[in-house]
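Could you walk me through this model, stop by stop? I have it open in my viewer and would like to know what to select next and what I will find there.

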Amino acid sequence: MTWFLNALHGALGGTKKKTSSITKAFQGSMRIFSKKLPHPDCTPEEKEALLVTEEYQEQMSESTFLFLTLDLPTAPLYKDEKEQLIIPQVPLFNILGKFNGSTEKVQFNNNNNNRLK
């Protein structure tokens, strides 16, 4: 799908700086809220003092996308009684749940701790 959208975008005269009808039709945007968290080893008093500083306040950024990835359930490891693999059926609403605007994702990296919503 990525290749197809890029090929159409290029064929219609689109570049990284110039939009095409593909970009206008398929490009979306999302707001990303992030917040730096104090180190878990800090005392409650230190955490409270850090949380009021500007560095630890929630920040918003906006990002554009042409498509989003979904976390699909894993395939079953075992076969059923008919010796066939059963593909789990999950409602689309559950799969799209990470884009509901209130689900939080915690992501840690070596330099700082961020909580992404």
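This is a predicted model: local features need pLDDT of at least 70, side-chain atom pairs count only at pLDDT 80 or more; totals for chains, interfaces and linings use all residues.

**Stop 1: a pocket**

Start by selecting Leu 5, Asn 6, His 9, Thr 15, Lys 16, Lys 18, Thr 19, Ile 22, Thr 23, Gln 27 and Leu 66, the residues that line the second largest pocket. Its volume is about 200 Å³. Now colour the helices: α1 (2-11) and α2 (21-26) each give at least two residues to this lining. Which element supplies the largest share? That is α1, with 3 residues. If you colour the lining by class, you will find 6 polar, 3 nonpolar and 2 charged residues.

**Stop 2: the salt bridges**

Next, show side chains and look for charged pairs. Side chains of opposite charge can pair when their charged atoms come close. How many salt bridges does the structure hold? There are 2.

Zoom in on Lys 36 and Glu 55, which form a salt bridge with their closest N and O atoms 2.4 Å apart. This pair joins distant parts of the chain: Lys 36 sits in strand β1 (residues 28-36), while Glu 55 is in the loop between α3 (44-51) and β2, 19 residues apart. Lys 36 counts as buried because its relative accessibility is 18%, under the 20% cut-off. Glu 55 has 48% relative accessibility and so counts as partly exposed.

Then move to Lys 98 and Asp 71, whose side chains meet in a salt bridge at 3.5 Å, N to O. Lys 98 lies in the loop between α4 and β3 (105-108) and Asp 71 in the loop between β2 and α4, so this pair ties together parts that are 27 residues apart in sequence. Is Asp 71 buried or exposed? At 57% relative accessibility, Asp 71 counts as exposed.

**Stop 3: a nonpolar patch**

For the last stop, keep the surface on and select Leu 68, Leu 70, Leu 72, Leu 92, Leu 96 and Phe 99. Together they form a nonpolar patch on the surface, with about 530 Å² of accessible area. Centre the view on Leu 70, which lies in the loop between β2 (59-65) and α4 (92-95). Leu 70 is partly exposed, its relative accessible area being 37%.

Definitions and conventions: Residues are numbered from 1 along each chain as its sequence is written. Side-chain values use heavy atoms; hydrogens and water are left out. Patches are made of residues with over 30% relative accessible area and no salt bridge: like charges are joined within 9 Å, nonpolar side chains (Val, Leu, Ile, Met, Phe, Trp, Tyr) within 5 Å. Accessible areas come from the Shrake-Rupley method with a 1.4 Å probe; for residues, only the protein chains shown count as cover. A salt bridge is a side-chain nitrogen of Lys or Arg within 4 Å of a carboxyl oxygen of Asp or Glu. Helices (H or I, at least four residues) and strands (E, at least two) are DSSP runs, numbered from the N terminus. Buried means under 20% relative accessible area, exposed over 50%, partly exposed in between (1.4 Å probe, protein chains only). On a 1 Å grid over the protein atoms alone, a cavity is a set of points where a 1.4 Å probe fits but cannot get out, and a pocket is an open set with protein on both sides within 12 Å along at least five of seven lines; lining residues have an atom within 4 Å of a point. Grid points are joined across faces, edges and corners, and a volume is the space filled by probe spheres set on the points. Ala, Val, Leu, Ile, Met, Phe, Trp, Tyr, Cys and Pro count as nonpolar, Asp, Glu, Lys and Arg as charged, and the others, Gly among them, as polar.
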